[in-house]
Structures are given as structure tokens and as C-alpha cells.
Amino acid sequence: MSGQQIVVFDVQEFLSRYPEFDGKFTDEQLENFFNIAEGILSNTGFTPVCDYDLLKTMLYLLTAHVAFLFGRGAGTVGSLSSASEGAVSASFSVPQNQQAQWFSQSQYGLLFWQMSLPYRLGRYIPACGC
């Protein structure tokens, strides 16, 4: 197993999968969001996700989730809990833990959360190397 990066981020491929972010961020910002995603899901030979295509999909979903969160504007943290229209008002509730609540702030994060379920459950590793 290697500690080297497995999935190499391709901005154009990411934007073809998530065109809603095209023109909203620079390539450098998107690459930074991918780097943040790698901090959440290992992109090395030590990742529990052995399928390359699945790993790429999950990392891109995390990248989209991070982009969504950053796209809401500076200082906006948490899930929208109320909004008004006259004199514009909005309030956000900040998640108290880093579990499903943080991921459920966007469709991308919630999809990632569901896809990561098999990797969040306990795994049996046989001692015999079978």
C-alpha cells in the first residue's frame, strides 16, 4: 500500500459532473476544495475505498459539498433554520458535531454520507491473511 495520491483532481471533469459550479470558483479554489475533501476521505493507498471509480465519485461529492458551503458566502455556517423576505433575514443553526449534520447541509454531502456507510461500519480483518 502506498501513501501516494490515487485520484488526481481534474477541474474540467469535476465541472462536467457538477456544472453548477462552473464560473463560480477559480480552478485554484476548486483544487483547494479537493484538498479539503482529501482531509476528510483518504486519497492514498490507505483508504478503505478500494474501487477507484467509487473513490473518485466520493471525493468529487465531497469537493462539491465544500464548494457549496463556501459558495453560501463568508460567515455563513450551519443549516438554514429560518428565513424571511421583507427586510431580508436568515438564521443558521450550527451543527454540534461532525457527523451527518455537517454533511446534510447539501445534497452532495448527504449523498457522500450515504455512500460512506459501508466504510463507517466496523470491519473484520482476518489474522491469517486469507
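Modeller: A salt bridge is a side-chain nitrogen of Lys or Arg within 4 Å of a carboxyl oxygen of Asp or Glu. Please note that the model is predicted.

Biologist: How many salt bridges does the count come to by this rule?

Modeller: The side chains of R17 and E13 meet with an N to O distance of 3.5 Å. The side chains of E13 and K56 meet at 3.0 Å, again N to O. By the rule, the count comes to two.

Biologist: Which helix holds both R17 and E13?

Modeller: R17 and E13 are four residues apart, about one turn of the helix. R17 is partly exposed, with a relative accessible area of 36%, and E13 is partly exposed as well, at 23%. Both residues lie in residues 11–17, which form helix α1.

Biologist: How many residues apart in sequence are the parts that E13 and K56 tie together?

Modeller: The side chains of E13 and K56 form a salt bridge of 3.0 Å, N to O. E13 lies in helix α1 and K56 in helix α3, residues 52–71, so the pair ties together parts whose separation in sequence is 43 residues.

Biologist: Is K56 buried or exposed?

Modeller: Buried means under 20% relative accessible area. The relative accessible area of K56 is 10%, so K56 counts as buried.

Biologist: Turning to the rings, what is the angle between the planes of F14 and Y18?

Modeller: The structure holds 16 aromatic pairs. F14 and Y18 form a tilted aromatic pair, 5.2 Å centre to centre, and the angle between their planes is 40 degrees.

Biologist: Are F14 and Y18 buried or exposed?

Modeller: The relative accessibility of F14 is 0%, and that of Y18 is 11%. With the limit for burial at under 20%, F14 counts as buried and Y18 likewise counts as buried.

Biologist: Which residues do ring pairs link into a cluster?

Modeller: F14 and Y18 form an aromatic pair, and both belong to the cluster. Its members are F9, F14, Y18, F21, F25, F33, F34, Y60, F68, F70 and Y108.

Technical notes:
Residues are numbered from 1 along each chain as its sequence is written. This is a predicted model: local features need pLDDT of at least 70, side-chain atom pairs count only at pLDDT 80 or more; totals for chains, interfaces and linings use all residues. Side-chain values use heavy atoms; hydrogens and water are left out. Helices (H or I, at least four residues) and strands (E, at least two) are DSSP runs, numbered from the N terminus. Buried means under 20% relative accessible area, exposed over 50%, partly exposed in between (1.4 Å probe, protein chains only). Rings of Phe, Tyr and Trp (its six-membered ring) pair if their centres lie within 6.5 Å; planes under 30 degrees apart count as stacked, over 60 as edge-to-face and the rest as tilted.
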